[in-house]
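Hi everyone, thanks for coming.

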Amino acid sequence: MGLGSAIVGDLRGRSPWYANDWKEGFNSGFRIFAPSLYIFFASAIPALAFGEQLSHDTDGQLNGVHVLTATALCGFIQAVFGGQPLLIVGVAEPIVLVYMFMFEFIDGQDKAHQFLPWAAWVCIWAAVFIFVLSILGTCQLIDKFTRFSGELFGMLIALLFLQQAIKGIVEEFKKEKGHEGDVHVKEDHLHEMCFSADQYHWRLVNGIWAVVLASGLLFTALLVHSARSWRFLKGWARTLLADYGVPMMVVLWSGISYSIKDGPKNVPRRLSIPNTWDVQDTWKTSKDLFEIDGWLIPAAMVPGFIIAALFYFDHNVSAQLAQQKEFDLKKPPAYNYDFLLLGGMTVMCGLLGIPPVNGVLPQAPMHTKSLATLKKQLKKMEAKRQSLKASKNVELGRRSLPASKGMGDIQEEVSQGIPKTASAQELSNLYPTTTNDNNISPSAKSVTASGMEVKEEVVAIEVKEQRLTGFLQSLMVAFCLALTQAIQRIPKSVLWGYFAYMAIESLPGSEFWERILLLFTDPKKRYKMLEGVHAPYLETVPYAVIVKFTLFQLAYMLIVYGITWAGIAGIAFPLAIMLLIPIRQYLMPKIFAPEHLRELDMAEYEEAPPVTRKEVLKYARKSGVILEEDADVLREKFDKEVVGDMAPRVKHHLTREQVERRKEEMELASHLRESEGRSRQVDGEFTDVEAAAPISGVNASDGGDQV
């Protein structure tokens with residue numbers, strides 16, 4: 001293949017679908033606004049958090065306005081000109097970390113005022129490396145990053161999120177950066193000095209209040225995120241809370257922060273994002289490109305190469321997860337073209353003095369997931385329509401039959417008629433199956449209105465592949481630039497709580513995290529896990545190998561994390577991530593057996609069905625674990641059987657027959673009560689008639705005598 005042929009292939013594959021990308025979005029009508037709003041919140045809140053982090057780490061040279069601008073502007077470009085419109089781009093935590101190291105370096109040279117033009121040169125060099133990688137078609141090698149590498153990187157990001165949350169909370173107890181001199185200015189005014197937010201007692205109040213706000217946001221966000229599994233509220237209300245509950249909690253806890261009265265203005269501390277129109281100097285960064293020291297231009301190659309390596313991994317993995325095969329997308333990918341476009345956006349961001357963007361996790365796969373529907377649900381609706389249609393046709397056929405025909409003739413004509421045969425054929429086409437009837441579980445069968453049994457197979461996913469949601473969410477992010485005065489009212493501590501929320505929410509679905517928990521699981525509990533749905537490697541891979549693999553992965557992640565603490569040298573942490581390719585390809589096969597690697601580094605997230613109790617006992621005996629009921633097990637069973645502490649009650653377990661008998665007794669009692677009520681009503685009416693008869697007779701006789 002020639003240079004650039006992969007990019008040309010991407011363009012040829014995607015260009016025929018371009019008009020359809022917009023048509024699919026507009027054909028969805030108002031329903032397209034729900035996923036657009038959902039992904040907007042998923043992009044805007046992290047953008048504000050990263051903006052606050054950048055403002056702190058760069059002494060205010062970059063802030064939330066720059067991050068929102070980069071997210072909105074590049075989001076527009078990706079939605080309109082990108083090869084894969086499902087990909088969501090934005091500023092990510094790793095690039096924030098790289099920019100922090102870059103500022104530390106140039107600040108150490110006493111040239112902090114040259115940071116933005118130097119960062120522009122870094123972006124230019126990064127774009128050059130990105131252009132070379134995309135032209136060479138290297139994005140096809142992204143498959144070399146297996147689940148081992150992806151989950152390690154994801155866990156590293158979660159750890160960095162958690163670190164920033166803790167770091168931010170600790171900063172709330174210290175003097176705010178840039179306000180150290182306020183106390184000395186007001187030393188002659190005792191009242192004003194005591195009322196300064198930098199005084200110890202107010203810093204303590206601010207810190208404690210920050211812990212309350214961050215913890216409140218964290219726990220309520222986790223609570224509403226799981227709203228779909230609640231048994232309370234209606235289905236639409238649970239869905240609303242699950243999808244939009246987190247931004248609601250940001251608003252709620254921002255409002256609660258105003259419950260402190262008569263305190264200093266900056267208690268609690270709020271976001272330092274400036275008004276959009278007050279930010280003027282950074283947009284002219286391109287004019288200052290040659291105003292920096294000459295040696296800084298070639299020196300920018302080093303962080304430029306590191307950013308290119310970081311984007312190669314992060315951007316392509318995000319694109320890969322946004323179009324993983326489980327989503328069953330119909331339109332082709334465009335990895336090399338999108339990476340080339342990212343190079344152009346990186347140059348643009350550098351020249352505008354804003355941080356560069358790349359494909360972001362978890363927003364990219366979240367976007368695809370928000371556009372996915374279940375085919376089985378659509379098929380059920382279609383089956384119901386066909387079934388009702390068949391029933392009506394059968395009924396019409398019966399009505400049109402002459403009365404002289406006998407029952408046998410009617411049955412014969414109906415069985416030979418089109419409705420019944422066509423409906424059955426269509427339903428069998430809608431629900432194809434390769435299993436025998438005896439192997440189908442009750443949950444996999446349904447009966448239509450016409451009495452026909454329909455077999456359902458595994459759920460398939462259908463995704464609306466379009467460009468409108470990415471365009472609309474970028475438009476909403478841009479609108480946030482007009483709302484900076486409202487955004488300034490959000491406490492910093494609420495965003496620290498959001499960082500902790502992002503860290504915790506990234507753990508479910510990670511086999512790396514599940515295996516870490518497995519290391520601390522009691523052996524008896526570990527074998528009981530087999531009695532439920534579980535990962536296949538629990539049965540197929542020896543426990544010692546699972547431990548060895550997990551510790552290897554954990555140790556490497558801690559090494560990469562340790563590099564981020566190595567001062568200026570910490571900027572090289574993306575290179576350690578890139579080393580995962582040769583480590584996984586050449587080193588790990590020498591440490592682990594191929595069949596074990598295949599099971600532990602499986603691309604798909606697999607689940608195995610429960611194992612019988614007999615098999616569990618068999619597995620346990622092989623490993624020397626005795627699952628007989630000891631004191632702990634008996635106590636656990638006791639706690640399950642005896643409920644309540646103030647007034648303990650022992651559970652009484654009813655059989656299904658007893659419950660059915662009670663239901664019959666209740667129905668019989670209700671029937672007898674209704675019958676008794678009707679008989680009383682009849683007796684009352686009869687009594688009224690008897691009471692009225694003599695009066696009627698007397699009146700009649702009286703009338704007769706008079707006549």
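Let's start with R656, which counts as exposed at 52% relative accessibility. For that word, exposed means over 50% relative accessible area, buried means under 20%, and partly exposed is in between, using a 1.4 Å probe and protein chains only. Before going on, please keep in mind that this is a predicted model, where local features need pLDDT of at least 70, side-chain atom pairs count only at pLDDT 80 or more, and totals for chains, interfaces and linings use all residues. Residues are numbered from 1 along each chain as its sequence is written, and side-chain values use heavy atoms, with hydrogens and water left out.

Now, which residue does R656 form a salt bridge with? The partner is E660, with the closest N and O atoms 3.4 Å apart. By salt bridge I mean a side-chain nitrogen of Lys or Arg within 4 Å of a carboxyl oxygen of Asp or Glu. E660 is partly exposed, at 32%. Both residues sit in helix 31 (residues 656-706), four residues apart, about one turn of the helix.

In general, side chains of opposite charge can pair when their charged atoms come close. By the rule I gave, the count comes to twelve salt bridges.

Here is another one: R147 pairs with E511, and their closest N and O atoms are 3.7 Å apart. This pair links distant parts of the chain, with R147 in helix 7 (residues 147-171) and E511 in helix 22 (residues 511-519), 364 residues apart. Are these two buried or exposed? R147 is buried, with a relative accessible area of 13%, and E511 is buried too, at 3%.

Next, look at D328 and K330, whose side chains meet in a salt bridge at 3.2 Å, N to O. D328 is partly exposed at 33%, while K330 is exposed at 56%.

Finally, let's step back to the chain as a whole. It has 31 helices and eight strands; these are DSSP runs (H or I, at least four residues, for helices; E, at least two, for strands), numbered from the N terminus. Of its 707 residues, 43% count as buried. As for contacts (heavy atoms within 4.5 Å), residues 24 or more positions apart account for 82% of those with a separation of 6 or more.
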